[in-house]
Amino acid sequence: MLFEQERHEPLTPTIWDESSARATIERIVKDTTDRFTPERLWPVHPLDNLSGVVLPQPFKMLYFGAAGVIWALDYLARVGATEIQRDFSSTVAELLEWNRKDVRPFAPEMSSLLIGDVGILLLQWKLAPSASLATQLSDAIEANERHPAREFMWGAPGTMLAALLLHEWTQEPRWAALFRRSVGQLWKELEFVSEPACVLWTQELFGARSMLVGAVHGFAGNVFPVIRARHLLEPQEWNSWSRHIGQTIEATALHDRLYANWPQSVGVPRPGRTALLVQHCHGAPGIVNCLADFPDSGIDDLLTAAGELTWAAGPLRKGPNLCHGTAGNGFAFLKLFRRAQDSRWLDRARAFAMHAMAQSERHAEAYGQYRYSLWTGDLGLALYLWCCIHAEAWFPTMDVF
């Protein structure tokens, strides 16, 4: 069995309804805006506490804190998904120091995209660009170049995506140079693994060392910005990367005639991380979300099998969120629709959207509140619904910022 059925629930067979999706987006935006207070930001959901880590509340970072919520609300307004807008500029100005004070006691290296400085600085720059912010971003991205986590959440793969975004927005050569430096360092840190025969990185995080495969903490997330910015690499560089990407994705896959999935890790796992998951952060959906733009058609059969597994497994019981929920898995269908231009993937994405909307309501009733976060909560669902409406495949803060 390539997935653990108890982590999933049967798909509710509800016909796609665009008006319901739009109404849900509006409900999420209105409720989120109404629940904000300058002193407490947003109520923290009981499920949004890091395992084994007690963080001061409310949270401020991009991943599941105020920076992510503000980014999502701003993005939804910019693309025309809602007319509700609120000025959070005074709050955004304070988030960086707030977050440093909260997180540095257990993570002194604080430059990361999703948890640390770079995500908040990138939000500030997006809302009000300045030379001072650009300097701070450059320094933080450079400081994270050799982070031992070597993964998207904490390490250089996340912060080098920030450099790439800044290059795309400004066309300034310094950002391309900074991106290439991080790519070069990542390349040096690749390790050959004899079983299976491929290359991976060792992730060093919270005292544990392991070689992870997935989208948030492993190989797939690391190569996502490399694939996106392959035009910035020399042809021979990209050829080497391309060969290793295809080889590793094939070598680490677990597959049968119809389905494909990927383990969380190869060799010694992180403590408590042995389950065979089907989520964005670990497993088949995240592999698709990160590699759907890989230009080599040689992995098409594996990506299709990953999508089939995601569909067969069904929605996640954890809820409608992006990181380890139904919306994140649904993005894999949108990515496959864009890659293959096969309408069944769009139909499946929209079926998961309808289920995710029902999950959001059920969970709000069970916990007495909605979940005010980007990667783990209802804002991620709102962004997924917008993509389903427009048949787009832009994963938040990865494909778009």
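1. The second largest pocket is lined by 17 residues, and those nearest its centre are Ile-70, Phe-88, Ser-89, Val-92 and Leu-127. A pocket here is an open set of points on a 1 Å grid over the protein atoms alone, where a 1.4 Å probe fits, with protein on both sides within 12 Å along at least five of seven lines; lining residues have an atom within 4 Å of a point. Two or more lining residues come from each of helix H2 (66–78), helix H3 (89–103) and helix H4 (117–127). H2 gives the most, with 4 residues. Helices are DSSP runs (H or I, at least four residues) numbered from the N terminus.

2. This is a predicted model, in which local features need pLDDT of at least 70 and side-chain atom pairs count only at pLDDT 80 or more, while totals for chains, interfaces and linings use all residues. Residues are numbered from 1 along each chain as its sequence is written, and side-chain values use heavy atoms, with hydrogens and water left out.

3. The volume of the second largest pocket is about 360 Å³, taken as the space filled by probe spheres set on the grid points. Its lining divides into 10 nonpolar, 4 polar and 3 charged residues. Nonpolar covers Ala, Val, Leu, Ile, Met, Phe, Trp, Tyr, Cys and Pro; charged covers Asp, Glu, Lys and Arg; the others, Gly among them, are polar.

4. The model has 22 aromatic pairs. Rings of Phe, Tyr and Trp (its six-membered ring) pair if their centres lie within 6.5 Å; planes over 60 degrees apart are edge-to-face, those under 30 are stacked and the rest are tilted. Phe-331 and Phe-395 make a tilted pair, 5.0 Å centre to centre with 55 degrees between the planes. Phe-331 is in helix H12 (residues 326–340) and Phe-395 in the segment after helix H14 (378–390), 64 residues apart. Both Phe-331 and Phe-395 are buried, meaning under 20% relative accessible area with a 1.4 Å probe, protein chains only.

5. Phe-333 and Phe-352 form an edge-to-face pair, at 4.9 Å centre to centre and 80 degrees between the planes. Because Phe-333 lies in helix H12 and Phe-352 in helix H13 (residues 343–367), the pair ties together parts 19 residues apart in sequence. Phe-333 counts as buried at 0% relative accessibility, and Phe-352 counts as buried at 0%.

6. Ring pairs also link Phe-59, Tyr-63, Phe-64, Phe-331, Trp-375, Tyr-384 and Phe-395 into a cluster.

7. Arg-348 lies over the face of Trp-345, at 5.0 Å from the ring centre. The rule requires NZ of Lys or CZ of Arg within 6 Å of the ring centre and within 35 degrees of the ring normal.

Notes:
Buried < 20%, exposed > 50% of the residue type's maximum accessible area, 1.4 Å probe, protein only.
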